[in-house]
Amino acid sequence: MHVPDGFINAPTSAVAGVVAAGAVAVSLRGARRELDERTAPLAGLVAAFIFAVQMLNFPVAAGTSGHLLGGALAAILVGPYTGALCISVVLLMQGLLFADGGLTALGVNITDMSIVGVAVAYVVFRALVKVLPRTRRSITAASFVAALISVPAAALAFTAFYAIGGTTDVAIGKVATAMVGVHILIGIGEAAITALTVGAVIAVRPDLVYGARDLRRPLKLRVGGELVDAPAAETPAPAARTSRRTLWISGLVTSLVLAGFVSFYASASPDGLEKVAEDKGFAASAEDHHTADSPLADYGVKDIDNARLSGGLAGVIGVGVTIVAGSAVFWAVRRRRTGEAPEASSPTNTSV
Amino acid sequence: MGAGHAHKLYRRASSPVHALPPHTKLAATFAFVVVVVSTPREAMWAFGMYAVLLGVVAGLARVPFGFLLKRLLIEVPFVAFAVLLPFVAEGERVEVAGISLSVSGLWGAWNVLAKGTLGVAASVLLAATTELRELLLGLQRLKLPPLLVQIASFMIRYGDVITDEMRRMRIARESRGFEARGLRHWGVLAKSAGALFIRSYERGERVHLAMVSRGYAGVMPVIDEVTASRAQWSYALALPCAALIVCLLGWML
Amino acid sequence: MDAVTEASLEVSGLAFAYPDGHQALFGVDFRIERGERVALLGPNGAGKTTLVLHLNGILDGGTGSVRVAGLPVDRAHMAEIRRKVGIVFQDPDDQLFMPTVREDVAFGPAAAGLKGAELQARVERALERVGMAEFQDRPPHHLSFGQRRRVAVATVLAMEPEILVLDEPSSNLDPASRRELADILRSLDVTVLMVTHDLPYALELCPRSLVLSEGVIAADGKTAELLANDELMRTHRLELPFGFDPSR
């Protein structure tokens, strides 16, 4: 799904670039908070891992094989911020070194795959983990669903960009159905590989699975060591845990409010989402019926479906935007809270 | 795969293009692609001009034409997509050899193909004339967040180490008679991927220890800095400037 | 502070337990004078790595004290301690994390604030001491394992440490690289603490040895005498290679 140059027009690419830059900045701060001064080496190694694992081929049937995209896997293993950061770095380097994905499309690619993909995967994953019983099997199941949803979600995000700034007049419904259809298939493969891989890590080093940290918390009696040696290098004391939960809830509420606002706005004003469909007019619908027999293909023609579709797209954009905004809020609140005693909590930070 | 895969695109040579400071090349490539993408698709001749400009750069950089063409293959999936466009796009239709094609779809296909190909060609030229290390320095110089550059730098440094570990795990699997043939074997492959993650993460922790032991306290020291003279800048920017003129003409004509 | 009479390294009463409750050190005492080359021997799980990580303050929080050239290892002196104690880790791939050899060797001194020509001179001197000066601009993964180990030593030498701590320096080296590294280590005029399982190597390089077993120093003396003491060797699971005679 590496978009090349010329797919999306220049202004939209620029907007995507700004969105991506903002999101990367937020995840830089988030990752720094999660990993402290270990960010550079750990995130770098995880990025190298994602890069390598994308080359690992999973044979599907004679001759064909699939490979991992890694967004959901990264989010679940190392957390959403670090995960998004790693995927972004991988995309940047792929664009620069291998010409894989256009330079002007970098913003689109990062927003789709590393922001929306990772964020959707993580939100779905966390929600499921909270609902399901606290077992390892649930973590694996949640990983499966999270990966399954994240891939078509990223495809939808691409469709949204395409709707706003696509360079070709293909009915947006067609693009959406084609993209989502294909990516649901890819998503199934991604889901299976992600779940199996998370399961494999959990079996050996459950402490390394960021998304499963809640699982082992009750097992720990004392969180004493704060230095780098122990695999369970968890800094926050029990006191911070409750505050994190309130943060989590308040962040969720903020996201919901924002999501409602965004979708309301999106459905109230016929913006770029419906532009393509309007441009088409009647001629398009008449033309369409005899070329496309597929029951899915005539999705984009009718007005009602279009509205529903644009609502769905707006929802996805909404989720993406809210995740970004929500994390910003998170970060700000958290920072203020920890800001009071930053020196005491980071003993290894000796200035040079 | 294996050692040095990340250097596949680089072609060692001494040319004026190789000698340019990396950040000027990065900026020039990026500006060039932006200009290309902003060009109206109806100005077909403009894209021809862009191709000529890139050809001149390739000539100066002593990058053989065949090499460039081979690298363009990465685009193939999108060519397939572009070929579909005339069939699925809306609007006025024309008959070509008995097949009904959409006019706007044809334009769209042309647009994607022309711009995509030029974009890939420009990136390939950049990668072929700039070493990895230099690229990172260039990004650093272009004021990318330092942490991002560091992560990229660690990724590049350990990419080979990790792909090598992956290769060794594959050899170990195959030596014991295992060969992944289908869905049934995903579990085994995923276990390898999981083990690879654990190894990568633990290595990250050890690398951090090694860094701390040498006085790292959260800020990477700046050891190398690249600088560019005014002449080098103007040399590098000649490409996007020429392209800009073509683009403006494309809009006006 | 009277630096001349201070020991390079002085560890007293060091005890440490990991956060999970596992106690690794149970009161370690020893002293290494300036310019000595000492081997730290011990079976797997004796606490060798734990001890090493205490020497530059990566681990702390137990009881007892570590002093480097008279300076206590604590928060207030951390930057200086990490300059004075150079640790060469076992896997050179962990140690060489920068894109080129030169930048890697420069990392420590640059973190300490060195710049420009002074930094470059320091890097070149360190690389010359390990015979790797002509590899400055190579990426580390293009070097052989033995060369990487030597560069790893140079990264630490560039910080002009008071004491050089090597974790299994001879592991994975072919006989030629092993000998080359021994020559380099012998040519250095710094205090060396070498953690190793390679008893012949310890005998070759270090006149004195410490045996760490079950978290305490079980023996401290001349390497040749310790290795000849069969009973001591057996109780601490130390074994010489077949046919090797330490008295020869």
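I take helices (H or I, at least four residues) and strands (E, at least two) as DSSP runs, numbered from the N terminus. I note at the outset that the model is predicted.

**Entry 1: chain B**

The tally for chain B is ten helices and two strands. I then looked up the radius of gyration of chain B, which is 23 Å; the globule rule gives 18 Å for 253 residues, and 23 Å is well over this, so chain B is more spread out than a compact globule.

**Entry 2**

In chain C I located an open sheet of four strands, in the order β2-β1-β4-β5 and with antiparallel pairing. I identified its edge strands as β2 (23–32) and β5 (71–72) of chain C, each of which pairs on one side only. Within this sheet I examined β1 (residues 9–17) and β4 (residues 63–68) of chain C, an antiparallel pair with five bridges. In that pair, I found C:Val11 opposite C:Val66 of β4(C).

I then turned to helix α1 (residues 48–55) of chain C, which packs on the sheet and touches β1, β2 and β4 of chain C. I recorded an angle of about 60° between the direction of helix α1 of chain C and that of β2(C).

Definitions and conventions
Residues are numbered from 1 along each chain as its sequence is written. Chains are lettered from A and ligands numbered from 1 in the order in which they are written. This is a predicted model: local features need pLDDT of at least 70, side-chain atom pairs count only at pLDDT 80 or more; totals for chains, interfaces and linings use all residues. The radius of gyration is taken over C-alpha atoms; the globule rule is 2.2 Å times the number of residues to the power 0.38. Two strands pair if DSSP finds at least two bridges between them. Two residues are in contact if their C-beta atoms, placed from the backbone, lie within 7 Å. Axes are lines fitted to C-alpha atoms, for helices over the stretch in contact, and angles run from 0 to 180 degrees between N-to-C directions.
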